[in-house]
Amino acid sequence: MKIKKNFVKRKVGDKYLVISTDKSAGSMFIELNETSSYIWDLIDKGYNEDKIAFNICKRYSIPRAKAEEDMNKLISAMRDAEIFEE
């Protein structure tokens, strides 16, 4: 998984927004919560799904199954939005 270069994450106030800089694709804004922003950062660093889930468990003190569920929801939404280079 690799995030396309034309997607950038910015913090605006207490929210995180993902913005497409590709004008040909039209305007796209995605709002992330704190957990989703953290997962985004791990994906952006090149972590694989196993390492992402491990880090979510560690940071938020949640069971592995919950970490994987949260991670998979975001990854699925990112795939649907065509954010990844695959």
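Glu-31 pairs up with Lys-15 in a salt bridge, with 3.8 Å between the closest N and O atoms; the term covers a side-chain nitrogen of Lys or Arg within 4 Å of a carboxyl oxygen of Asp or Glu. This pair ties together distant parts of the chain, 16 residues apart: Glu-31 lies in strand β4 (residues 29–32) and Lys-15 in strand β3 (residues 15–20). Helices (H or I, at least four residues) and strands (E, at least two) are DSSP runs, counted from the N terminus. Glu-31 is exposed, at 51% relative accessible area, while Lys-15 is partly exposed at 40%. Here buried means under 20% relative accessible area, exposed over 50%, and partly exposed in between (1.4 Å probe, protein chains only).

The model is a predicted one, where local features need pLDDT of at least 70 and side-chain atom pairs count only at pLDDT 80 or more, though totals for chains, interfaces and linings use all residues. Residues are numbered from 1 along each chain as its sequence is written, and side-chain values use heavy atoms, leaving out hydrogens and water.

Searching the whole structure turns up 7 salt bridges. Among them is one between Arg-64 and Glu-68, at 2.8 Å from N to O. These two sit 4 residues apart in helix α3 (residues 64–80), so about one helical turn separates them. Arg-64 is partly exposed at 32%, and so is Glu-68 at 30%. Asp-50 joins Arg-64 and Glu-68 in a network of salt bridges.

Helix α3 also holds Glu-69 and Lys-73, again 4 residues apart and thus about one helical turn. Their salt bridge has its closest N and O atoms 3.4 Å apart. Glu-69 is partly exposed at 39%, whereas Lys-73 is exposed at 53%.
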